[in-house]
Amino acid sequence: MSSNSIDGNKFLQWRKKMILKGGRKIDFDWLLDIGAGVSWGDLQNIILKPENCISLKIPIIELEGIWLSHLKDQTPLQHLISKCPWRDFELEVSAEALIPRQETEFLIDVALKKVANLKFGRWADLGTGSGPIAISLAKSLPDWNGHAVDISKDALDLAERNLKSIFANANVSFSLGDWWEPLERWWGSFDLVVTNPPYIPSNLIEELEPVVKNHEPHLALDGGDDGMYSSKKIILGASIGLNQGGWLILEHHYDQSEKIINLMKNIGMEEVSFEKDISGIKRYAICRKK
Ligand SMILES: C[S@@+](CC[C@H](N)C(=O)[O-])C[C@H]1O[C@@H](n2cnc3c(N)ncnc32)[C@H](O)[C@@H]1O
């Protein structure tokens, strides 16, 4: 029996006690899975056969400390365990960058579909944060040149560390600066730009849940008065930055689709369209430079 092995009945009583202390059951079970290696399947097995023992990757007392910290000041569990699974890898996360969101996972599928026929090319991830988009593109387009940009040095360093630990030999450069600006040398040569900019209108930031508002960088959330300050800059820049036939794929807030699509059309972009996220919300805007 490993030192973190515990009797099934005791484990289930402890789990019940923790859930009764507050918070969401789904979050507690997420912590069990990602923090302690107890998957949903393991949980079902022990519920069916509580006479068995269950093995945890970290001591139960440590897990309890993490849960209680989360309840006390709403610190995101991802910050407390310093990691977050995303698509087919696990990222180091910290308070310096946005915790990658589930809806952004599908942004990658939307982007990859557009360039499926291009073996070589140049991509950019504008506002890379902890690096989820850049790492996915690097993995899926290994023969391309990649560029990850962020205005936060801490976020950029985190993204670089994540890329090194997940895909050490990737051909990706990291640039500090404002959207397209640090990539000036390559303007006109990008075949794909994927971006998830800050898009929450400033007046809604105060209304976000404490777990977000008090712990995630506002630089990653606040999209200015109409929530589209950054998106507009990126779209306008795309008319210079993209290669002929290059694609821009942009994630936006739930109610911005029409305005973003119109802007893309108004500046002469082609093949302008949208895709919905897994909840059926128009979440991704797509366009192509003539
Ligand atoms: C919504 S977060 C997205 C992070 C990451 N791409 C993801 O999906 O998890 C937006 C990112 O844009 C960065 N950012 C904000 N303003 C910027 C600017 N002017 N130029 C470049 N990056 C910026 C933030 O630091 C943040 O990392």
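Helix 2 and helix 4 cross each other in a right-handed way. Keep in mind as you look around that this is a predicted model. To find the pair, look for residues 25-36, which form helix 2, and residues 60-73, which form helix 4. Their axes come within 11 Å and cross at roughly 140°. Angles have to be over 145 degrees to count as roughly antiparallel, so helix 2 and helix 4 are oblique to each other instead.

Which residues of helix 2 and helix 4 meet? From helix 2 you get Asp27, Phe28, Leu31, Leu32 and Ala36, and they meet Leu63, Ile66, Trp67 and His70 of helix 4. Sorted by class, this contact has seven nonpolar residues, one polar and one charged.

On the helix 11 side, Ser231, Lys232, Ile235 and Leu236 do the touching, and they meet Ile260, Leu263 and Met264 on helix 12. That contact is made up of five nonpolar residues, one polar and one charged.

Let's finish at the ligand. How many residues surround the ligand? There are 19, and the closest are Gly127, Asp150, Asp178, Trp179 and Asn196. Zoom in on Asp150 and you'll find a polar atom of its side chain 2.6 Å from an oxygen atom of the ligand. Asp178 also uses its side chain: an N or O atom there is 2.6 Å from a nitrogen atom of the ligand. With Ile151, look at the backbone, where a polar atom lies 3.3 Å from a nitrogen atom of the ligand.

Definitions and conventions:
Residues numbered from 1 in each chain as written. Predicted model: local features only at pLDDT ≥ 70, side-chain atom pairs only at ≥ 80, totals over all residues. Heavy atoms only, no water. Contact = heavy atoms within 4.5 Å. Helix = DSSP H or I, 4+ residues; strand = E, 2+ residues; numbered from the N terminus. Nonpolar A, V, L, I, M, F, W, Y, C, P; charged D, E, K, R; others polar. Near = heavy atom within 4 Å. Polar contact = N/O pair within 3.5 Å; in protein donor to acceptor, adjacent residues only side chain to side chain. Axes fitted to C-alpha atoms, helices over the stretch in contact; angles between N-to-C directions. Parallel < 35°, antiparallel > 145°, perpendicular 65-115°, else oblique. Left-handed = near helix turned anticlockwise from the far one by under 90°.
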